[in-house]
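I opened my notebook today to look through a protein model, one entry at a time. Come along and check each entry against the picture.

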Amino acid sequence: MSDELFLKIVNREIPADIVFQDDRVTAFRDINPQAPTHILIIPNKLIPSVNEVSEEDEAVLGHLLVVARNIARQEGIAESGYRLLINCGDHGGQEVYHLHMHLFGGRPLGRMIERV
Ligand code: AMP
């Protein structure tokens, strides 16, 4: 999948169900939800993956967590609980190389990862 895809969502060049946006991050509903709440929270600037984060990204990465907390409250899942997940690279299952945090909730999510 194109690295530019999520930049196009940030810039509102392609449609997405954006639930929050400010000058640093954008949050939108995943197109293929794996849970009743499944939202992606991304930095507006393109950082391909966790492998490419730098010290200057610390503020925006911390902001992702604050926004995740706020959205969990908005979605009514703060009390029942939720999962935040960042995939990195091939073994991590990353498909879109624009760093993103998944926010899953709205049902019991089971084990952290599947046993193989
Ligand atoms: P990952 O496997 O962590 O890279 O996750 C990529 C996620 O992006 C998947 O859950 C996809 O369903 C989601 N996705 C791909 N294209 C779109 C899109 N246009 N709008 C919203 N979510 C998308």
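**Entry 1: the surface.** Before I looked up the surface, I noted that accessible areas come from the Shrake-Rupley method with a 1.4 Å probe. I also reminded myself that this is a predicted model. For the protein, I found an accessible surface of about 7200 Å². Carbon and sulfur atoms hold 51% of that surface.

**Entry 2: the overall shape.** I asked myself how the radius of gyration fits a compact globule. The protein has 116 residues, for which a compact globule would have a radius near 13 Å, and the protein's 14 Å agrees with that. I then looked up the box that the C-alpha atoms fill, and along the principal axes it is roughly 35 × 35 × 30 Å.

**Entry 3: the parts list.** How many helices and strands are there? I wrote down three helices and five strands. Following the sequence, I read their order as α-β-β-β-α-β-α-β.

**Entry 4: burial and contacts.** I looked up burial next, and 34% of the 116 residues count as buried. Then I turned to contacts between residues at least 6 apart in sequence, and 55% of these join residues at least 24 apart.

**Entry 5: the charges.** I found 11 positive and 17 negative charges in the protein.

**Entry 6: strand 2 and its partners.** Is strand 2 enclosed or open? Strand 2 covers residues 25–29, and four of its five residues are buried, so the rest of the structure largely encloses this strand. I then followed its pairings. With strand 1 (residues 18–21), strand 2 pairs in the antiparallel sense over three bridges. These two strands form a hairpin, and three residues lie between them. Across this pair, I spotted Ile18 opposite Phe28 of strand 2. Strand 2 also pairs with strand 3 (residues 37–43), again in the antiparallel sense, over five bridges. There I noted Val25 with its bridge partner Pro43 in strand 3.

Entry 7: Where does Asn87 sit? I found Asn87 in the loop between strand 4 (82–85) and helix 3 (89–92). Buried means under 20% relative accessible area. Asn87 has 19%, so Asn87 is buried. Which residues does Asn87 contact, if I leave aside its neighbours within four places in sequence? My list for Asn87 reads Gly92, Gly93, Gln94 and His102.

Terms used. Residues numbered from 1 in each chain as written. Predicted model: local features only at pLDDT ≥ 70, side-chain atom pairs only at ≥ 80, totals over all residues. Heavy atoms only, no water. Rg over C-alpha atoms; globule rule 2.2 N^0.38 Å. Buried < 20%, exposed > 50% of the residue type's maximum accessible area, 1.4 Å probe, protein only. Contact = heavy atoms within 4.5 Å. Lys, Arg positive; Asp, Glu negative; His and termini not counted. Charge placed at Lys NZ, Arg CZ, Asp CG, Glu CD. Pairing = 2+ DSSP bridges.
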